[in-house]
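Student: I would like to go through this structure term by term. Please set each value against its definition.

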Amino acid sequence: MYDLLKGKLEGLQSELMSFAQALLRTHSLSRDESSAAALVEKQLRALDFDTVTTDKLGNVVGVLHGVEDGPNLLLASHMDTVAPADESGWPGTPWSGRVENGKLYGLGAADCKGGLAAQVFAAGLLKRSLLPLRGNLIVAATVAEENGISIGMRGLIEFTLKEMGLRPEYAILGEPTDLGLYYGHDGRAELDIRLRSNNPFHLADAADLVANGMGDTDPLSAVQAMLMGKPQFEDRHGLRCATIGVEHRLGPEEAVDGMVGRMRREAERLAQLAGAVEVEVSVREHSETLASGMVMKVKRVTHAWSTDPFSPLLSRARQSLAAAGCVVRPGKWRLSRLGMGTSGSVLSNEFHIPTIGYGPGREEEAHSQDESVEVAKIVECTYGTAAMAHGLVGIPVFGWIPDEI
Amino acid sequence: MRIIVFNCGSSSLKYRLIEMPGENQLAGGEAERVGPKTAEPARIHHQVSGRKETIVVEMPDHATAFAEVMKLLERDPELVPEAIGHRMAHGGPNFKQHVILDDAVMAELERIQELAPIHNPPAVRLVAACRRLYPKLPETVVFDTVFHATIPEVARSYALPAALVAKFGFRKYGFHGTSHQYVAQEAAKLLGVPFAHFNAVSCHLGSGGASLCAIVNGRSIDNTMGYSPLQGLVMSTRSGDLDPAVALTLLVRAAGNGAAVEAMLNRGSGVLGLSGMSADIRDVVARAADGQAADIDQLTVASQVYLWRIRKYLGAYLTLVGRAHCVIFTDTIGEKVPYVRWAVTAGLQCFGLDIDPQKNDVAGGLPADLSTPASRVRILAVATNEEMAIARFSHDLLSHTQAERIAL
Amino acid sequence: MNTVVLIPGRRSLRYAGFVDSGETCTGTIRGFRWQGPRAALDEVRTIVQAMGLLDDAPSVVVHGLFGGEEFPAPVSLGKDALLRLERVARQSPLHVASLIETALAVEQVFPGAPARLAFETSFFVDLPLRERTYAVSPDLSHKLALRRWGYHGLFHESAAREAARRLRKRGLDCPPRILSICLDAQPEIAAVLGCRPITVTSGATPLEGLPGETNSGEIDPAVALALAGEAGLGPEGANALLVGESGLSGLVGRRVRLDDVLTSTRNDCVRAREVLLYRMLLASGAAAAALGGVDAVVFSGRYVSCSAVVAHDVLPHLERAGALAPQAAQWMIFAKPLEGVLAETASLQ
């Protein structure tokens with residue numbers, strides 16, 4: 001079977017690369033993904049997916065129907081990108097999609113349009129090989145991952161797939177893993193520390209103390225937070241207020257409430273040195289308007305998540321990859337560049353869907369200037385993803401002798 | 001010499017006290033519900049020359065059960081055992097003879113436990129307990145696999161790469177050896193053929209496991225079971241032969257849970273799986289004979305598949321053996337179900353089998369010859385007696401102290 | 001009638017052309033991968049056209065390894081056949097997929113030519129329930145479409161028919177009991193009563209049964225599970241090993257063909273030969289018991305030229321056990337190649 005997949009992939013390779021390139025040439029900043037969505041939808045139809053649809057949030061979903069009642073596998077990648085930090089840092093533009101020395105360049109090449117292209121074509125490869133599936137293979141290109149803390153993913157599972165009668169048993173994310181099998185990462189929360197006082201001078205001192213205290217990277221400190229920008233001040237009803245934004249890492253077992261409590265005690269301790277100041281700490285919230293016009297309220301928390309490395313998902317993924325002749329390298333994201341993390345926390349923690357990541361990009365490339373992904377890895381990722389998907393939801397082809405008997 | 005023979009189940013301990021070489025059974029019984037407490041109390045059904053008694057006593061493990069049984073026997077100085085014989089399901093690749101227990105044997109027994117993870121470990125623990133509690137009493141270990149140690153390499157090899165076989169030891173072992181050998185010896189005696197020149201196909205059709213054995217010159221040359229007891233005939237709850245690709249497909253469908261697939265193939269398949277009503281072929285045959293049963297088609301297929309597999313292997317082994325003296329039926333189904341014996345041999349005159357339906361139906365006292373005078377190959381029903389076989393082996397070993405033993 | 005025979009593999013296409021004049025050609029197109037069979041078929045068309053085979057509208061016969069219960073007989077290629085193929089695809093995804101591709105390409109390359117599909121499994125569709133049923137629950141068998149098949153039905157059927165014809169000539173007037181031994185890369189033994197198969201060595205897939213050139217044949221299912229589990233190969237890895245690296249090649253330690261093993265004088269082939277012949281002996285005995293005796297033994301298959309090696313080893317055992325009718329010791333050879341058998345299918349329509 002792996003021979004068959006390799007052969008068919010050879011035939012699909014140029015189509016795959018044009019699609020990846022076209023994705024990179026299409027602007028898709030978070031909450032402005034509609035052009036990219038149209039592109040994905042067109043490709044899904046061209047690959048003859050059984051069902052193709054774009055939902056209210058703007059997520060694009062393609063389904064290959066299984067012939068039995070499960071299990072279902074979700075291949076998901078977000079199609080949005082962050083805004084380029086500094087466009088001048090790019091030779092040409094961040095949307096050139098140029099290929100040089102075997103690499104494909106462009107905003108979101110590694111995070112995670114390369115992975116998206118690979119996932120779309122992995123399913124296409126299975127379809128093209130006429131390999132029947134037990135359960136449904138769902139490919140989703142989601143919106144608002146980068147800015148929206150996986151709003152797109154949450155809506156996808158909670159509404160769209162539910163309405164389609166689909167509940168994934170497993171999920172694979174196309175986020176950058178450099179073809180490693182990643183099974184989780186730590187979490188993060190953005191917190192607002194609000195200080196209030198009727199004495200503006202006390203308040204100014206308190207804000208300084210708290211901000212400096214948070215900036216202090218003493219590893220022994222009870223809180224490990226990073227300051228996000230300078231304190232913001234305002235006057236309201238005769239009170240002077242300050243808001244200090246901090247970002248805090250969340251370990252695998254750590255609850256947000258506990259962390260908020262610790263943060264409040266620490267902020268109180270610091271603020272008290274300046275005089276009588278009221279302290280309030282909460283998770284930052286804001287409203288997001290999606291490309292589709294829908295408005296959603298968002299809490300700025302990414303929970304840590306982890307899939308049991310010995311779970312059926314990981315062991316079956318490892319076994320299929322190994323049998324397909326791919327490198328098997330389990331690991332976890334370090335989140336040095338990934339910003340808020342991946343939608344794995346939503347899938348794993350909120351919807352209890354075992355999730356792993358397998359993508360062609362390297363984590364260090366995410367959000368970097370002149371971001372790139374190796375062409376060969378996109379191809380390998382397509383093949384590896386198809387092999388895993390077949391292992392997880394395909395009808396086994398065991399026992400059939402390689403060629404004519 | 002009084003030998004106590006132990007047959008250790010996962011939660012039971014059967015024993016027989018046998019006077020050798022006279023082969024008189026002096027006492028016997030079974031300890032039930034050995035192990036963690038269950039709804040009913042643990043007890044020993046003990047029997048001495050026809051007198052039965054039941055003793056309720058806590059037996060948290062096989063060692064305690066053993067000690068309690070010894071207490072019962074020690075009430076009478078005439079019943080104190082002078083040696084212990086153990087039954088062991090799996091002897092691994094190195095035990096090619098039954099053995100007298102010593103340190104090296106004990107170490108090897110512990111090393112190979114995992115080859116038969118359900119059957120060996122409790123027996124090995126019992127052996128150790130006997131040694132600890134009665135260090136002076138000689139102990140022997142009799143293996144189900146030893147009779148099959150003579151299966152030639154060509155018959156025990158799977159067509160797998162050599163390096164893999166060397167690493168994991170995949171090969172046919174064969175099981176039920178003690179029973180096959182015992183009934184073959186009894187049959188040879190009955191027919192007046194020296195065992196060293198005795199050829200036969202032995203059908204051990206138990207209410208649990210079942211296997212056929214091809215015997216040439218008194219040696220096993222093939223057995224339908226394989227690396228594990230799963231291969232071969234359709235059994236009460238085991239599938240027997242199955243396309244390996246199907247086993248792997250089931251594994252994928254169980255999301256890689258090998259234990260679940262093994263449980264299904266070992267405990268939920270065979271006669272039980274096919275019939276959906278009973279693991280006992282007698283129930284299935286009886287119900288299929290009642291034309292009114294709603295599930296008659298399913299039951300008919302179940303009994304046909306069961307019988308057909310036996311018949312095919314019978315033909316295979318008769319061809320292999322060449323000039324067989326007899327076909328032997330034994331163990332629960334083989335001894336007690338005339339229909340099965342008839343259905344698997346009828347119409348096989350070409351192999352020299354001519355079963356006499358009348359003799360077959362009325363065969364009461366075993367052993368019995370069930371074939372017509374014209375039958376070139378005799379068809380016999382012989383009662384198996386594994387405990388007696390173990391007592392014989394043990395006595396042989398202990399009375400020939402310099403008996404040849406293959407070094408481990 | 002002029003006939004083109006096509007035997008699609010996954011990476012090769014065997015073809016044969018039969019012209020009325022008696023002229024024939026055979027060959028294999030290799031090395032196509034993703035381009036699919038279309039390119040290969042174009043080549044075949046050029047070759048047979050040069051023979052003048054297309055001057056008269058030829059008929060085309062396409063070989064199918066697996067057709068399941070949907071195809072109890074050869075069928076005309078068309079929309080209906082394709083729909084039915086899609087229905088059986090899940091039972092044998094790899095072979096049916098390449099067959100569908102070939103069938104579509106045939107319609108393009110030989111438009112208007114009457115085309116037929118002939119399947120190896122058709123002969124075994126009505127294998128008796130007692131033989132085809134595995135000892136697992138009927139629900140599971142139903143769900144997985146689990147049953148025993150034979151994968152050399154075309155050889156067994158033609159060879160048995162030929163054997164029966166000869167037996168009738170010699171005066172046998174009851175349905176003959178035929179032991180049919182197909183010597184191919186994956187050898188197979190069937191018991192045929194009259195023209196009905198009663199047993200066959202292969203299983204739900206061609207993996208089970210006799211060991212083949214690269215497949216293990218029957219093993220303890222517990223070994224398959226142990227390979228996937230304890231040996232750490234996973235189900236896919238275990239399958240690759242059992243299907244592609246075992247059997248005769250696994251025993252010898254290098255890639256061998258069945259005829260090498262049966263006739264080679266090299267020492268490293270001895271053990272593989274003994275194992276194969278031993279399994280054939282057991283399978284023949286089982287078939288003899290199923291038939292209640294053997295009236296004729298007939299060999300067929302790609303390596304039919306090696307029949308004598310098998311016959312000399314196996315038949316004396318059957319004879320000694322009494323299972324061989326006296327005339328059956330004169331075993332028969334059905335030497336026609338698969339291409340010829342398929343071409344006959346075309347003339348039967």
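Tutor: Domain bounds come from an automatic or database domain assignment. On that basis chain A is divided into domain 1 (2-185 + 304-393) and domain 2 (187-287). This is a predicted model, in which local features need pLDDT of at least 70 and side-chain atom pairs count only at pLDDT 80 or more, while totals for chains, interfaces and linings use all residues. Residues are numbered from 1 along each chain as its sequence is written, chains are lettered from A in the order in which they are written, and side-chain values use heavy atoms, with hydrogens and water left out.

Student: How do you know which residues of domain 1 and domain 2 of chain A are in contact, and how many are there?

Tutor: Contact means heavy atoms within 4.5 Å. By that rule 7 residues of domain 1 of chain A are in contact with 8 residues of domain 2 of chain A. The area buried between these domains is about 590 Å²; buried area is the accessible area (1.4 Å probe) that two parts lose on being put together, summed over both.

Student: What makes a pair a salt bridge, and how many are counted between chain C and chain B?

Tutor: A side-chain nitrogen of Lys or Arg must lie within 4 Å of a carboxyl oxygen of Asp or Glu. The closest N and O atoms of Lys312(B) and Glu131(C) are 2.9 Å apart, so this pair is a salt bridge. The count between chain C and chain B is 2, whereas between domain 1 and domain 2 of chain A the count is 0.

Student: What else describes the interface of chain C and chain B?

Tutor: The two chains bury about 5400 Å² between them, with 70% of it on carbon and sulfur atoms. Arg130(C), Ala135(C) and Leu225(C) supply 13% of the area that chain C buries against chain B, more than any other three residues. In contact there are 67 residues of chain C and 66 residues of chain B.

Student: Why are E9 and E11 of chain C said to stand at the edges of the sheet?

Tutor: Strands (E, at least two residues) are DSSP runs, numbered from the N terminus, and two strands pair if DSSP finds at least two bridges between them. The open sheet has 5 strands in the order E9-E8-E7-E10-E11 (chain C), with mixed pairing. E9(C) and E11(C) (332-333) each have a single partner strand, so one side of each is left without a neighbour in the sheet.

Student: How do you know that E8(C) and E9(C) pair?

Tutor: They are joined by 4 bridges and run antiparallel; the rule asks for at least two, so they pair. Within E9(C), Pro197(C) is the bridge partner of Val192(C).
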